Amino acid sequence: MKELEEKILEEGIVLGPNILKVDSFLNQQIDSKLILKMGKAFAEYFKDKKIDKVLTVESSGIAPALATATELGVKCVFARKQQSLTTGDNVYHSSVYSFTKEVTNELIVSKNFLNEDENVLMIDDFLANGQAAKGMVALVRQAGANPAGLGIVIEKSFSDGRRVVEDMGIDLYSLARIKSLDDGKIEFVEE
Ligand code: 5GP
């Protein structure tokens, strides 16, 4: 997605050799118009998959997931990283090691919101080593639902994530694919 690549070049900040900070339009402040365009792009790519629901992980996945779900006319559900007082015991959960925070989070979603045989499109902000993706796939499979695809806003193609996702047999679509962040310079994969 050209507009996203331009935004990343304009506003992205490279932290060390492999972390990209995009707080100004995705991870804290949200560029609402750009997010809506992301939703349209994901919905267009996955339109033939008969998607019943969009699943993401709080918090940065919620905006692009909601935009996508709105375009597809389906509900959006997000996995929580911590049990809240209202969550209860009726939940699916999986463990995910967080790349940026260097901690293991439990992903939790109520059994009421993922149903057997539903086609679930998973959306996330970044793909690095594929751990969050694996966690979402585990939740979908626990529900007896079908992981119908994964939409990623920014893929770090120099990490293992794409291979991990493709090894699970999941259709992956990324809006921007970063080849390298070496020397603080952002380079995209040429499609
Ligand atoms: P993975 O689970 O694929 O290793 O990492 C994906 C998760 O880690 C995403 O949900 C995202 O929150 C976070 N993440 C990974 N790399 C980056 C990065 O370069 N920048 C930011 N802002 N988040 C990242």
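Predicted model: local features only at pLDDT ≥ 70, side-chain atom pairs only at ≥ 80, totals over all residues.

Visitor: How many residues surround the ligand?
Guide: A residue is taken as near a molecule if one of its heavy atoms lies within 4 Å of it. The closest are Leu 20, Ala 128, Asn 129, Gly 130 and Ala 132, and the number of residues that surround the ligand is 16.

Visitor: Which strand gives the most to the shell around the ligand?
Guide: Helices (H or I, at least four residues) and strands (E, at least two) are DSSP runs numbered from the N terminus. Strand S2 (19-21), strand S7 (119-127) and helix H5 (131-142) each supply at least two residues of the shell. With four residues, the element that gives the most is S7.

Visitor: How many residues of that shell are charged?
Guide: Ala, Val, Leu, Ile, Met, Phe, Trp, Tyr, Cys and Pro count as nonpolar, Asp, Glu, Lys and Arg as charged, and the others, Gly among them, as polar. The shell around the ligand holds seven nonpolar and six polar residues, and its charged residues number three.

Visitor: What distance separates an oxygen atom of the ligand from a polar backbone atom of Ala 132?
Guide: A polar contact is a pair of N or O atoms within 3.5 Å; within protein, one must be able to donate a hydrogen and the other to accept it, and residues adjacent in sequence count only if both atoms are side-chain atoms. The side chain of Asp 125 places an N or O atom 3.2 Å from an oxygen atom of the ligand, and a backbone N or O atom of Gln 131 lies 3.0 Å from a ligand oxygen. For the polar backbone atom of Ala 132, the distance to an oxygen atom of the ligand is 2.8 Å.

Visitor: What share of the area that the ligand exposes when taken alone does the protein bury?
Guide: Accessible areas come from the Shrake-Rupley method with a 1.4 Å probe, and for residues only the protein chains shown count as cover. Taken alone, the ligand exposes 500 Å², and the share of this that the protein buries is 88%.

Visitor: Is Glu 10 buried or exposed?
Guide: Glu 10 has its place in helix H1 (residues 2-11). Buried means under 20% relative accessible area, exposed over 50%, and partly exposed in between (1.4 Å probe, protein chains only). Because its relative accessible area is 61%, Glu 10 is exposed.

Visitor: How far apart in space are Val 164 and Leu 150, C-alpha to C-alpha?
Guide: Val 164 lies in helix H6 (residues 161-167) and counts as buried at 14% relative accessibility, while Leu 150, in strand S8 (residues 146-156), counts as buried at 2%. The two are 14 residues apart in sequence, and their C-alpha separation is 12 Å.

Methods: Residues numbered from 1 in each chain as written. Heavy atoms only, no water.
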